[in-house]
Amino acid sequence: DWVVIPGGNLGNVSALGASCHLLGFTGCDEAADTLASQLNAAHISHDLCKLDHAKTTVKLRVISRHQQLLRLDFEEALSVPSQASLIAKCAKHLPSSRLLILSDYCKGTLKDPQAFIQLARKAHVPVLVDPKGNDFNIYRHANIITPNFKEFIAVVGECKTEQDILDKGRALLAKYDIDSLLVTRGEDGMTLIENHDHHHFPAYAREVFDVTGAGDTVIGVLG
């Protein structure tokens, strides 16, 4: 079993055959009921916290001939008075879990990722983080973080060469006590950086209908 907070990559994890629990915040509205119904229909376990004065995010995809034309997001930043209820749910599920995935969308759910990272470390459960923003200190002590290249250079600065990427990546690992860093680089593939080693994985062109959620797919497969 895995715990996923929140669940952008949940469908990927479940499709790969893993049993997982979705944790996160929703509003008390029709969209929250629809979400719960769809999760139940897909046999995906969930333990969601409902907020009285919040609206559940809705993402509307416009599709023609199986091709996504655009996506419209209807959302508001969450005003979460306390993470206590979500932390309690995480603590409840961790003893039976082998992995914790934190998907940070900078929408208010993960105001304090350290609370979850420290819980997982005490339970000896590895933590994978899909980060956002330019302050990676909040992900200190995670096992692996998976920024895209734009997010990576926003934190470490411009990288003109492959060696720059490795050097600045290792400096980031040391600074924040993170084990590994997987930088997704679009058509340039992915680079896995560790303290004393690295691996590059090339990208192969494919005809696809929709590239939305590629980062979610990466962390789901990696987990």
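A: Let's start with the cut-off: a salt bridge here is a side-chain nitrogen of Lys or Arg within 4 Å of a carboxyl oxygen of Asp or Glu. With that rule, searching the whole structure turns up eight salt bridges. Keep in mind that this is a predicted model, where local features need pLDDT of at least 70, side-chain atom pairs count only at pLDDT 80 or more, and totals for chains, interfaces and linings use all residues. Residues are numbered from 1 along each chain as its sequence is written, and side-chain values use heavy atoms, with hydrogens and water left out.

One of the bridges runs between aspartate 47 and lysine 92, whose closest N and O atoms are 2.8 Å apart. Aspartate 47 lies in strand 3 (residues 45-51) and lysine 92 in helix 3 (residues 84-93), so this pair ties together parts that are 45 residues apart in sequence. Those elements are DSSP runs numbered from the N terminus: helices are H or I with at least four residues, strands are E with at least two.

How covered are the partners? For the labels, buried means under 20% relative accessible area, exposed over 50%, and partly exposed in between (1.4 Å probe, protein chains only). Aspartate 47 is buried, at 13% relative accessible area, whereas lysine 92 is exposed, at 53%.

Next up is arginine 71, which bridges to aspartate 73, again with closest N and O atoms 2.8 Å apart. Arginine 71 counts as partly exposed at 30% relative accessibility, and aspartate 73 counts as partly exposed at 32%.

Then there's lysine 107 with glutamate 75, where the side chains meet at 3.0 Å, N to O. Lysine 107 lies in the loop between strand 6 (99-103) and helix 4 (113-122), and glutamate 75 in the loop between strand 5 and helix 3, so the pair ties together parts that are 32 residues apart in sequence. Lysine 107 is partly exposed at 34% relative accessibility, and glutamate 75 is partly exposed too, with a relative accessible area of 33%.

Back to aspartate 47 for a last point: salt bridges that share partners join Asp47, Lys89 and Lys92 into one network.
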